[in-house]
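Subject: Structure handover

Hello,

Here is the structure for you to look over. My notes follow below it.

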Amino acid sequence: MKTTSPTRGFNALITGSFGRIARTYDSPLLQHIVYRPPQDQVIGELRAAGSRRIADIGCGTGILTTRIERELRPDQIFGVDASPGMLAQARARSARVTWLSAPAERLPFGDETLDAVVTTSAFHFFDQPAALAEFARVLAAGGLVAVSTVNPAGRVNRPVAQLTRTTRSPYHAPSPSEVRKMVREAGFEIVDQRRIHRPLPRWLIPDVITVGRKL
């Protein structure tokens, strides 16, 4: 799929970088403050939807994936990541999850084989239109997509927002309206979009979850 996403040329760079930091990524404080709030939101959406065949894309070291397996007991749960270092950590975490090495833009699933695709704290590194097209391809009709994104807005985050708009940045944080537009164009109905609440000032980690259903 042809796209002008600024992230496409940096997949290898990002993959290699995360492989090097995999061991520090699991810091309990980092996980609690940064990553757990969007993961809680995603698990709530999956529970409400009753999803049984689930893929966590950009799963990193597999904390969310193993939580889904442990808390929801789906029929199938896949953790997908392009970083060998991250997947090595994930595989040591659980043997009950199917761990797969692949980029978000080329998922190793057949058409309409999943009930839900989720991604947290990774979408900003994807080729976003291509990844969403893949999510739509692998989801059955009515399937759930849940994407958490960081939205660096406001005066304090303005330099970060400007950086992410440059074509040389490997990190592209779309606005909530951009995410809604991309999700709709990929063939989804927007079910909800809301802020992710944290015990921190919003400007520190200004993230949003967008939930859609495949038409």
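One definition before the notes: axes are lines fitted to C-alpha atoms, and angles run from 0 to 180 degrees between N-to-C directions. With that in hand, take helix 7 (residues 176-185). Helix 7 lies across strand 5 (139-150), strand 6 and strand 7 (207-214). Its direction runs at about 160 degrees to strand 6.

Please note that this is a predicted model.

Now the overall layout. The chain holds seven helices and seven strands. From the N terminus on, the order of elements is α-α-β-α-β-α-β-β-α-β-α-α-β-β.

Seven strands form an open sheet in the order 3-2-1-4-5-7-6, and the pairing is mixed. Strand 3 (98-101) and strand 6 (188-195) are at the edges. Each has a single partner strand, so one side of each lacks a neighbour in the sheet. From one strand to the next, the twist averages 15 degrees.

Inside the sheet, strand 1 (residues 53-57) pairs with strand 2 (residues 76-81) in the parallel sense, over five bridges. Ala 55 has Phe 78 of strand 2 as its bridge partner. Helix 4 (residues 84-93) packs on the sheet and touches strand 2 and strand 3. The direction of helix 4 makes about 170 degrees with that of strand 3.

Last, the totals. The chain has 215 residues, and 50% of them are buried. Of the contacts with a separation of 6 or more, 69% join residues 24 or more positions apart. The chain exposes about 10200 Å², with 54% of that supplied by carbon and sulfur atoms.

Best wishes

Note on methods. Residues numbered from 1 in each chain as written. Predicted model: local features only at pLDDT ≥ 70, side-chain atom pairs only at ≥ 80, totals over all residues. Heavy atoms only, no water. Helix = DSSP H or I, 4+ residues; strand = E, 2+ residues; numbered from the N terminus. Buried < 20%, exposed > 50% of the residue type's maximum accessible area, 1.4 Å probe, protein only. Contact = heavy atoms within 4.5 Å. Areas by Shrake-Rupley, 256 points an atom, 1.4 Å probe, with all protein chains shown as cover. Pairing = 2+ DSSP bridges.
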